[in-house]
Amino acid sequence: MSYLRKIDYNILPVHSFNVIRNCSGCGCKAVFHNTNRFRVNANGNKIDVWLIYQCIKCKHTSNLSVYKRQNPESLTQREYEKFLSNSPDLAFEYGTNSQFFAQNSAEVDWSNIMHTIKSQSSIPDEKEPLFRKGDLIVVSNRYMIKIRTDKIVSEILNLSRSKLKELEKLGIVNVTEEKKQHEIIIALTGEIT
């Protein structure tokens, strides 16, 4: 089937991800939040940069390594200045980067991630239905937020999960996941009502 319209959506985190780590202050595993602050240590001809996380209970801190024993020339002057000025945008960028957490062996607290789903496409005229037969909806989850596919599709199509299941059984809504691209593809082969 050729599709009449392609509509793009993004799943975006509202805040940086929290991590679960052993806390020396609490004496057990605890949730740490991103402080949006960096620690920079320039020692001779090497530089270290950490993003500082803080226990939400006792306020002890834990540093996640951004750069370890790096040559200063490998950082751009702009990036270095952002670290020194505690750029909130840069802290958010690292605080939502799954690779960054994997490199630090940090466990993300997936249970409390607030997200929003935003359309990249223009909103159609109010007289027209938001979605119609022949639409292809592509939902990008580049932050790899762990959220159920049926929940996302239900939210976008403004349907209950039971209604979505019914439409899938009838072949009106076809949902596939592209795990490598972190995308959900929703194909509408009929009208949803």
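The model is predicted: local features need pLDDT of at least 70, side-chain atom pairs count only at pLDDT 80 or more, and totals for chains, interfaces and linings use all residues. Residues are numbered from 1 along each chain as its sequence is written, and side-chain values use heavy atoms, without hydrogens and water.

**Aromatic pairs**

- The whole structure contains ten aromatic pairs, meaning Phe, Tyr or Trp rings (for Trp, the six-membered one) with centres within 6.5 Å; planes under 30 degrees apart are stacked, over 60 edge-to-face and the rest tilted.
- Tyr9 and Phe131 form a tilted pair, because their ring centres are 6.5 Å apart and their planes stand at 45 degrees.
- This pair links distant parts of the chain, 122 residues apart: Tyr9 is in strand β1 (residues 5–13) and Phe131 in the loop between β7 (115–119) and β8 (135–140). Strands (E, at least two residues) and helices (H or I, at least four) are DSSP runs numbered from the N terminus.
- Tyr9 is buried at 9% relative accessible area, and Phe131 is buried at 5%.
- Phe38 and Phe83 have ring centres 4.9 Å apart and planes at 70 degrees, so they pair edge-to-face.
- Phe38 belongs to strand β3 (residues 28–43) and Phe83 to helix α1 (residues 77–84), so their pair ties together parts 45 residues apart in sequence.
- Phe83 is buried, with a relative accessible area of 0%.

**Aromatic cluster**

- One aromatic cluster is formed by Phe17, Phe38, Tyr53, Tyr67, Phe83, Tyr94, Phe100, Phe101 and Trp110.

Definitions and conventions: Buried means under 20% relative accessible area, exposed over 50%, partly exposed in between (1.4 Å probe, protein chains only).
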